[in-house]
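The paragraphs below are meant to be read with the structure in view.

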Amino acid sequence: TLLLTLNTQLNFSSFNTHCKNYFFYLAEKQMNTGDNFDQFFEGILQKSDLRVFKSLLKIVLKGESRQIEVSIKPKKKEIWLEIFLNPIFNAEGAVNEISLVAHDITEKKKSEKEIVESLKEKEVLLKEIHHRVKNNLQTVSALLRLQARRIEDPGASAALNEAVRRIASIALVHETLSSSRDSSVD
């Protein structure tokens, strides 16, 4: 757990050893009490993330808590942090400091990404299976129709035509199920 507090001018007022060591290892920057938040994290956070972070800090300075997930990319390695921003009030009820508590959620994000990619792969395979089932039903139906035309026995021909109708029903049910599943995924 990374612990950091900021004063109302957004300068570091305290931090735990783990936080100091973490950012020194990641960005090779020495964290000192009194360092400005913007200046320290410039180059560690992307500019857009830094702007979002600063806007959240302004909200926290008004007394509201916030939570954010940010990615940092030191040494060409993406790291994700989940950060909880909370106001610290003085005895008069005014915000005196901001508390930042952060956890490394890189493995969680990596797992989520793998799950999403796996799900996409399964969706592609499922669509391929639906396509093959549809084609196979059409092929069997066409073969049965051809056979029914060649047979001179009316009873056998009627049985084959009944089989074609049943296959058409199966195809209709399959199409309905696969299209309803596709719409539920979207």
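This is a predicted model: local features need pLDDT of at least 70, side-chain atom pairs count only at pLDDT 80 or more; totals for chains, interfaces and linings use all residues.

Residues are numbered from 1 along each chain as its sequence is written, and side-chain values use heavy atoms, with hydrogens and water left out.

The protein chain holds five helices and five strands, where helices (H or I, at least four residues) and strands (E, at least two) are DSSP runs numbered from the N terminus. Followed along the sequence, these elements come in the pattern β-β-α-α-α-β-β-β-α-α. The radius of gyration of the protein chain is 31 Å, whereas a compact globule of 186 residues would have one near 16 Å; the value is taken over C-alpha atoms, and the globule rule is 2.2 Å times the number of residues to the power 0.38. Along the principal axes, the C-alpha trace spans about 100 × 40 × 25 Å.

Of the 186 residues in the protein chain, 29% are buried, a term that means under 20% relative accessible area, with exposed meaning over 50% and partly exposed in between (1.4 Å probe, protein chains only). Among the contacts in the protein chain with a separation of 6 or more, 43% are between residues 24 or more positions apart, a contact being heavy atoms within 4.5 Å.

The strands can be traced through their pairings, and two strands count as paired if DSSP finds at least two bridges between them. Strand β5 (residues 95–104) pairs with strand β1 (residues 2–7) in the antiparallel sense over six bridges, and β5 is also joined to strand β4 (residues 79–89) by nine bridges, again running antiparallel. Which residue in β5 does L2 stand opposite? L2 stands opposite A102, and I83 stands opposite A102 as well. Strand β1 has a further antiparallel partner in β2, to which three bridges join it. T5 stands opposite S99 in β5 and opposite S14 in β2. In a regular strand the side chains alternate between the two faces of the sheet.

The turns deserve a separate look. In the hairpin of β4 and β5, five residues lie between the strands, and G93 takes a positive phi near 90°. The hairpin formed by β1 and β2 has four residues between the strands, and L10 in the turn has a positive phi of about 65°, although L10 is not a glycine. Most residues other than glycine have a negative phi. L10 counts as buried, at 16% relative accessibility. E28, found in the loop between α1 (17–27) and α2 (37–41), is not a glycine either and has a positive phi of about 55°. Is E28 buried or exposed? At 59% relative accessibility, E28 counts as exposed.

The last stop is H174, which has its place in helix α5 (residues 154–185). H174 is buried because its relative accessible area is 16%. Leaving aside neighbours within four places in sequence, H174 is in contact with H130, V133 and K134.
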